[in-house]
Each structure stands twice: as C-alpha cells, then as structure tokens.
Amino acid sequence: MTSKKLVAASSEPLVLSILSQGESYGYAIIQRVRQISEETLQWTDGMLYPVLHRLERNGLIVAQWGAGESGRRRRYYRITQDGSKALVTEKREWQKVNATLNELWGASNA
Amino acid sequence: MHSLDQRITAWRRALAASGTVQDWQITELEDHLLTAFDLAQEEFPSEALAWEAALERTGSISVITEEFAKEQVMSPLSKLAGIGITVGMLAFVISTGPTPIVFLFMPALLFVLALVGGGLVASFGPSKVLRAVNASLRGSSRLEAAEVQTLCEVFDRGYRLAWMSGVVACIAGVIQMLQVLSDPTQIGPGLATCLHGLLYGALLAEVVFANARQWLVVRARATS
C-alpha cells in the first residue's frame, strides 16, 4: 500500500491526468485510479472531493451539476486550459524526480 | 430498523453539524455514497451491511470533515471586513469627539509609513513584499509550506518595524519638544509627533501586520 504522503502529493496530477482524458465525476475518478494502479493507490473516497474543489478554486478544472444514472444530482468535472498547462508542468516535474531516483537506485544496485 | 432515507438524513445531519462541509458538498458526497451503496447491494445480502460497506468506502464523518476543514479558506472580503470593522469603530469613536481631526497628524503618519515601507523594501525587495500581501489577501493553495514561512517573515519584519517606527517617532517628538522647552506654546508639534507616531505604529503592527501573518499561517496549516 502506497504511503499516505505520496498519495496526497500525487492526488492533483492524478486527477488532472484523468480529467484530461474526458469529463468525469468523483466516483468514476476514484474507480479509474484504483483500476490503473491495480488497487495499490487507495484513497478514502471522501478525501478526493476537497482536492477537486481546490483544483476548481484555482481554475484548473470546472464543474457543473448534471444527473447521474439514477437521476440523482451529480457534479461533473472537466479540465480547463490552465489545468492542461498545469498538467504539463506536473508531468515534467514528476518525470524529473522519477529519472533522478531511477539513476540513484540504479547506481546503488550496480 | 432504519430505512435508507433515515440513514441518509442522519448522515447528512452529522456532516452538516461539523460546520466544515457545505450543503452542496454534502449533496455531492451523498451521490458518491449512494453510488457505492448501489454497488455494495450486489455484494451484500442486507441493506444494513451494504450501507456499512458504502460508509466505509466513502469515509467516516470525522475523516471527511477533517479533510474538508483543511481546505477551508477565508475570503478576501472576510479578511478586509475585519480590518474594516476596526477602522470603522475607531472612526466612529473619533468622530464623536469634539475635534476628530486631532487624531490625524500627517507628519507622524508619513514618518511611520516611510520607515515601515522603506524597511520592508530594503529587507525583501518590492516584489516579495507585494507577493506577501497578495498571498495573505487572496491566499493560494499552490504555495508550499516553506514558501508560506518565507512570506510570513515579511509580516514579522513589518510588525517589528511598525512598533520600532512608532517608538522612534515618539523619541523624535520628545527631542523636538526638548528643543523648544523654553517656549511652551511651541511644544505642540513635538508632542503630536510623539503620541501620534506611537499610535500609528501600534495600530499598523497589531491590526495590519499581525492579522496578515495569521491569515498566511492559517493557510499553511490548511494545506499541510
């Protein structure tokens, strides 16, 4: 199970990446994260929503109310242009960190 | 035995009672909870077990409210309202006196503002000072905790400079008075500089800088 700190740090890039593939809503976003990570990244579902609202406040995503399959009110999110730009920056930074760690761990295993 | 509607009502009431989750956010979470419940009913034989599974999946009330509490932000309007109330009350008190204008003494005010402004710009540069003011008023969740701490230093310095400039203005006023002690009719400006300077320095320190720092600190705690 991935550490809580790492899950928290990766929450914004994960959400932006999923929304860059199309409009979605909270439950579906969580499901997608679980599916792609093969259940290794686990959030308490309710913790996703403050992240979504923060991204919305910062203008990286927008939301609108719609209706779910059962007719319940549901909030749908989609990424904005600013969000797409922020995602590019996040990708670059995470890739840098990943490359640096791989270099160090690769060197230490040699 | 509780019906589903009763369970939902109790859950909504518990979230609303926390004061950290707004009504529309509860509605959004309710959709999530009921989606989880619908799926859990395929797995669990009873409604009660499916409800418990959905609750566990969505998160306990305490976990949800804790996460939402971290994201609570104070709007710039609320922040300015606080200062507005202070200034408004002071203005009201001053205006009810016989000569309200006596509380305004431009030389002392300019003296204090110049010392504080000049000191801050000399210590941090104009862009960092402006950044600190902007972050304090508007807030930004994209600020790292270390960056917030650096910006807090601007307000800490401003706080000390405000008190210092008030004291310096007071001393300058006393020196002015001592120069003209032989003519009591001339001691007015010196006395005014002394007392007004101290007043302006204290207000700037405690009302402006202390509050601005607190807003930033609250933001740092909320995003940590």
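## Overall make-up of chain A

In this predicted model, chain A has a secondary structure of four helices and three strands, and these elements follow one another along the sequence in the pattern α-β-α-α-β-β-α. Chain A has 110 residues, of which 27% count as buried. Among the contacts in chain A with a separation of 6 or more, 51% are accounted for by residues 24 or more positions apart.

## Helix 1 against helix 3 in chain A

Helix 1 of chain A, residues 4-19, packs with helix 3 of chain A, residues 48-57, at an angle of about 70°, and the two axes are 10 Å apart. That angle makes helix 1 of chain A roughly perpendicular to helix 3 of chain A, the range for this description being 65 to 115 degrees. Helix 1 of chain A passes helix 3 of chain A in a crossing that is right-handed. On the side of helix 1 of chain A the contact is made by Ser11(A), Glu12(A) and Val15(A), and on the side of helix 3 of chain A by Val51(A), Leu52(A) and Leu55(A). By class, the residues of this contact between helix 1 and helix 3 of chain A are four nonpolar, one polar and one charged.

Arg54(A) also lies in helix 3 of chain A. Arg54(A) counts as buried because it has 21 C-beta neighbours inside 10 Å, where the cut-off for a buried residue is 20 or more. Between Arg54(A) and Glu12(A) there are 42 residues of separation in sequence, while their C-alpha atoms are 9.3 Å apart in space.

## The buried face of helix 2 in chain A

Helix 2 of chain A spans residues 26-36, and its buried residues are Gly26(A), Tyr27(A), Ile29(A), Ile30(A) and Val33(A). Viewed down the axis of helix 2 of chain A, these buried residues fall within an arc of 165°, and they therefore line one face of the helix. The partners against which the buried residues of helix 2 of chain A pack are helix 1, strand 1 (24-25) and helix 3 of chain A, together with helix 2 of chain B. After helix 2 of chain A comes Glu38(A), which has a positive phi, near 55°.

## The contact between chains A and B

The contact between the chains takes 16 residues from chain A and 19 residues from chain B. On the side of chain B that touches chain A, at least two residues each are supplied by helix 2 (23-41), helix 3 (47-58) and helix 4 (61-70) of chain B. Helix 2 of chain B provides the largest share of that side, with eight residues. Divided by class, the side of chain B that touches chain A has seven charged, seven polar and five nonpolar residues.

## Ile83 of chain B

Ile83(B) has its place in helix 5 of chain B, which covers residues 76-95. Because 13 other C-beta atoms lie within 10 Å of Ile83(B), this residue is partly exposed; the class lies between the limit of 12 or fewer for exposed residues and that of 20 or more for buried ones.

If residues up to four places away in sequence are not counted, Ile83(B) touches Val207(B) and Asn211(B). Of this pair, Val207(B) is 124 residues from Ile83(B) along the chain, yet their C-alpha atoms are separated by 7.0 Å.

Conventions: Residues numbered from 1 in each chain as written. Chains lettered and ligands numbered in written order. Predicted model: local features only at pLDDT ≥ 70, side-chain atom pairs only at ≥ 80, totals over all residues. Axes fitted to C-alpha atoms, helices over the stretch in contact; angles between N-to-C directions. Parallel < 35°, antiparallel > 145°, perpendicular 65-115°, else oblique. Left-handed = near helix turned anticlockwise from the far one by under 90°. Contact = placed C-beta atoms within 7 Å. Nonpolar A, V, L, I, M, F, W, Y, C, P; charged D, E, K, R; others polar. Arc of directions from axis to C-beta.
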